[in-house]
Amino acid sequence: MRDALLAWYRANKRDLPWRKTRDPYAIWLSEVMLQQTRVDTVIPYYARFLDAYPTVDALAEAPLDDVLAKWSGLGYYRRARALHAGALAIARDKKGLFPRTAADLEDVPGIGPYTAGAVASIAFGEPAPLVDGNVARVLSRVFEIDDDVTSTQGRARIWKIAADLVPERHPGDHNQALMELGATICTPKSPRCLVCPVRSHCLASAHGKQDELPRKAPRAAPKEWRRAAIVVSIEDG
Ligand code: SF4
């Protein structure tokens, strides 16, 4: 499965700016920007942000208000605040040197297991796993995981599979290949199994369950809240 996935990725991967670098700072930036934002939207912001703050030290030295202004329009501003806080911590505690392992990266404020795995595997070649929504979907289908992938048990199973699967050689490409497969072929609705490079390894496809997986607990029904407000305007005279 790994060989087929890697060969497919190398032949078909989208040409994205953060795939042309091994700079951990640039990879970190792209991963943060890509959380909750589409690739097409991120590309110009990524370029402008790197122009303004080309290194982690440059970002750490910038006033937070300037960083937020550069982020303006990308939304979810807590990401920019976390990025700035992380840059300050790396500049202050690590003398501007990026931690090189997923375990050390997770000590940086704002860097969670997914981002730590992405930076460690792509920038430093550590065979560290990562799981995002795309990877969880692909692995739950290939290995026919019936657990709710948002539950503690389901997440643990998917992370364990991802860790068992990540190879010593080219772990960054392997992780990106899983994400790319989820983004372009093994999509949430109507996965394109007929052209999928790992179809012969996929249990969900073999059992016709690709549209049933991944399982997620149903969302709680929305609650109705009623509120009243009174505005009192007092004018002089
Ligand atoms: S065969 Fe279908 S369900 Fe299985 S990984 Fe490929 S696209 Fe996803």
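Buried residues make up 35% of the 237 residues in the protein chain. The model is predicted.

Reader: What box do the C-alpha atoms of the protein chain fill?
Author: The box is taken along the principal axes. Its dimensions are roughly 80 × 50 × 30 Å.

Reader: Which share of the contacts with a separation of 6 or more joins residues 24 or more positions apart?
Author: Two residues are in contact if their C-beta atoms lie within 7 Å. Among contacts in the protein chain with a separation of 6 or more, residues 24 or more positions apart account for 61%.

Reader: What distance between its end C-alpha atoms should helix α3 have, and what does the model give?
Author: Helix α3 covers residues 39-52, which is 14 residues. The expected span is 1.5 Å times one less than the number of residues, so α3 should span 20 Å. The end C-alpha atoms agree with this, as they are 20 Å apart.

Reader: Which residues of α3 are buried, and which helices do they pack against?
Author: A residue is buried if 20 or more other C-beta atoms lie within 10 Å of its own. In α3 this holds for V42, Y46, F49 and L50. An α-helix has 3.6 residues a turn, so residues three or four places apart point the same way. The buried residues of α3 pack against α2 (24-34) and α5 (64-71).

Reader: Which residues come nearest to the ligand, and which element gives the most to the shell around it?
Author: There are 15 residues around the ligand, and C186, C193, C196, C202 and S205 come nearest. Two elements give two or more residues to the shell, α9 (133-142) and α12 (203-206). With three residues, the element that gives the most is α9.

Reader: What is the make-up of the shell around the ligand by class?
Author: Cys counts as nonpolar in this classing. The shell has three charged, two polar and ten nonpolar residues.

Terms used
Residues are numbered from 1 along each chain as its sequence is written. This is a predicted model: local features need pLDDT of at least 70, side-chain atom pairs count only at pLDDT 80 or more; totals for chains, interfaces and linings use all residues. A residue is buried if 20 or more other C-beta atoms lie within 10 Å of its own, exposed if 12 or fewer, and partly exposed in between; C-beta atoms are placed from the backbone. Helices (H or I, at least four residues) and strands (E, at least two) are DSSP runs, numbered from the N terminus. A residue is near a molecule or strand if its C-beta atom, placed from the backbone, lies within 6 Å of it.
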